[in-house]
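Have the structure open as you read.

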2 protein chains.
Amino acid sequence: MNRGHLVVIGGHEDRKHDKTILSRFVELAGGIDKTIVVITAASKIATEMWEVYDKAFADLGVIRREHVHLESREDANNPELARKVEEASGIFMTGGDQKRLLAILGGTEVDTAMHTAFKERGACVGGTSAGASAMSGHMLAEGSNVLQPEKNAVNLGAGFGFIPRVVIDQHFSERHRLARLLAVVAQNPYLQGVGIDEDTALVIERGVGIEVLGQGAVTIVDGRTMISNVCDVADRDTPELIDVRLHLLPSGTRYALQENDEDNTALPAPLIDFLKNVTKRNPVS
Amino acid sequence: MNRGHLVVIGGHEDRKHDKTILSRFVELAGGIDKTIVVITAASKIATEMWEVYDKAFADLGVIRREHVHLESREDANNPELARKVEEASGIFMTGGDQKRLLAILGGTEVDTAMHTAFKERGACVGGTSAGASAMSGHMLAEGSNVLQPEKNAVNLGAGFGFIPRVVIDQHFSERHRLARLLAVVAQNPYLQGVGIDEDTALVIERGVGIEVLGQGAVTIVDGRTMISNVCDVADRDTPELIDVRLHLLPSGTRYALQENDEDNTALPAPLIDFLKNVTKRNPVS
């Protein structure tokens, strides 16, 4: 049985040459004879976005490709479009602006359909750039490109909640976003920060484990044991941060969780909570 | 008694307006009636560098300012220049190229004179940019500006050894150098990485404590408990890094070590080893 996969991509995944990540997405969706739908609502140039992915998935041999073109919440509550999404084996969210994506889809029929497809039918849900940020419960909505972690540099919003207790940033190394991810974690130590590089994907298999693939790495920032004075410093000041844990998972990294904790001795202990959390099988919301 | 201070500056310290850092350097050297010498050997434009600092220190009211102009190892073994350095209360090393600085000064009379002045007379030794990197024992000699921490991206050299067991990088946030500092620490977990932002100084008082001042922050990267496969990956590949500890000390941070460990309970425990190490009173080499 297919347990459902999430493919969380840091933007600029290759669409013309080796297509490593999109190819894995197709494979995890069940192969080229399954239906893949593309949600372009994050983008204001939805038609162009669709054309790019339509061609990429066609080049990979996928026969049934559909554009779920949503320009309003009315569209996102259209039962026919929701049914398309619910029946798809692969659901792909393009880049653009994650605030726009959530403003159009959040709490709609299409949103529910995505969760149902993922949780009940084991569909593969992928997102790149804004589409990736939107996949967590607490979503990095917007943030200044700060040099140092500044208090209140980043605004969070409500994302789709496929992955709880994390906040996802993309184009991570290329746009030098560690400082803003630290800014989020400093103020929200409940969340682990996940920074995904361009042309790089964090693949999560529900109940099983994770894998990193592509050209870059995934950076995890864990502030749970951190000591900080963030609540005492002024707006836009840099707080003191002591003992933030940083993990770097390069492409090729794979971890599989065992059912029993005593069998997880081969896994790096500082990662076990993260792995349990992101692979958790949550009830259908 | 003056115990000796080190002023480790991340480059681009203000020299024209508030001069916060240079002003503290003068104060720690004993004030405006003490002698300050400027070592420009890191730079190929030594005379211009001297003029900049001559003016800045004059503006701060320092009367006795001297240029220690070293263009060769012969110059650096000149007993008269060495005597000038040994008798100075403030010794300032400008930016340029730390490899050039060490190639000219390493192991010479002027080098010995700096250590004697610091350790026996409590002189204040400052360095900015290349001059800052040169102050540690293991010196970040050169490194590519990598996006991810890559194996062998950075070369180390032998620095002046004022601060053991650390490696110092400068222009840290501005030039996005965390990846290369992680690359050093991944391969040299014996060293703690210290990244200093522009117009920011890590001030170390021997046997006492540290302070951060200026516009930015000091980032410390501690890989001692890290798990990594760096010895197994290929040249220029990105290693897996699990559980690197990161500390961010903004401007205004101060820590003073107490003589007895049981009195250090107010200090953040993850920083105590670092504080002990950088403030250690080493014998004169």
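Strand β14 (residues 241-250) of chain A is joined to β14(B) by five bridges, and the two run antiparallel. Within this pairing, L246(A) stands opposite V244(B). Strands are DSSP runs of E with at least two residues, helices are runs of H or I with at least four residues, and both are numbered from the N terminus; two strands pair if DSSP finds at least two bridges between them. All of this comes from a predicted model, in which local features need pLDDT of at least 70, side-chain atom pairs count only at pLDDT 80 or more, and totals for chains, interfaces and linings use all residues. Residues are numbered from 1 along each chain as its sequence is written, chains are lettered from A and ligands numbered from 1 in the order in which they are written, and side-chain values use heavy atoms, with hydrogens and water left out.

Now for the interface as a whole. Chain B and chain A each bring 30 residues to the contact, where contact means heavy atoms within 4.5 Å. About 2500 Å² is buried between them, 65% of it from carbon and sulfur atoms; buried area is the accessible area (1.4 Å probe) that two parts lose on being put together, summed over both. In chain B, the most area is lost to chain A by L147(B), L246(B) and L248(B), together 23% of what that side buries.

The rule finds two salt bridges across the interface, a salt bridge being a side-chain nitrogen of Lys or Arg within 4 Å of a carboxyl oxygen of Asp or Glu. One of them links R245(B) to D243(A), with the closest N and O atoms 3.5 Å apart. On the side of chain B that touches chain A, β14(B) gives the most, with ten residues.

| Pair | Bridges | Direction |
|---|---|---|
| β14(A) and β14(B) | five bridges | antiparallel |
| β10(B) and β11(B) | six bridges | antiparallel |

The second pairing takes us into chain B, where T200(B) stands opposite G214(B) in β11(B). Eight strands of chain B form an open sheet with mixed pairing, in the order β3-β2-β4-β5-β1-β10-β11-β15. Because β3 (64-68) and β15 (254-256) of chain B stand at the edges with a single partner strand each, one side of each is left without a neighbour in the sheet.
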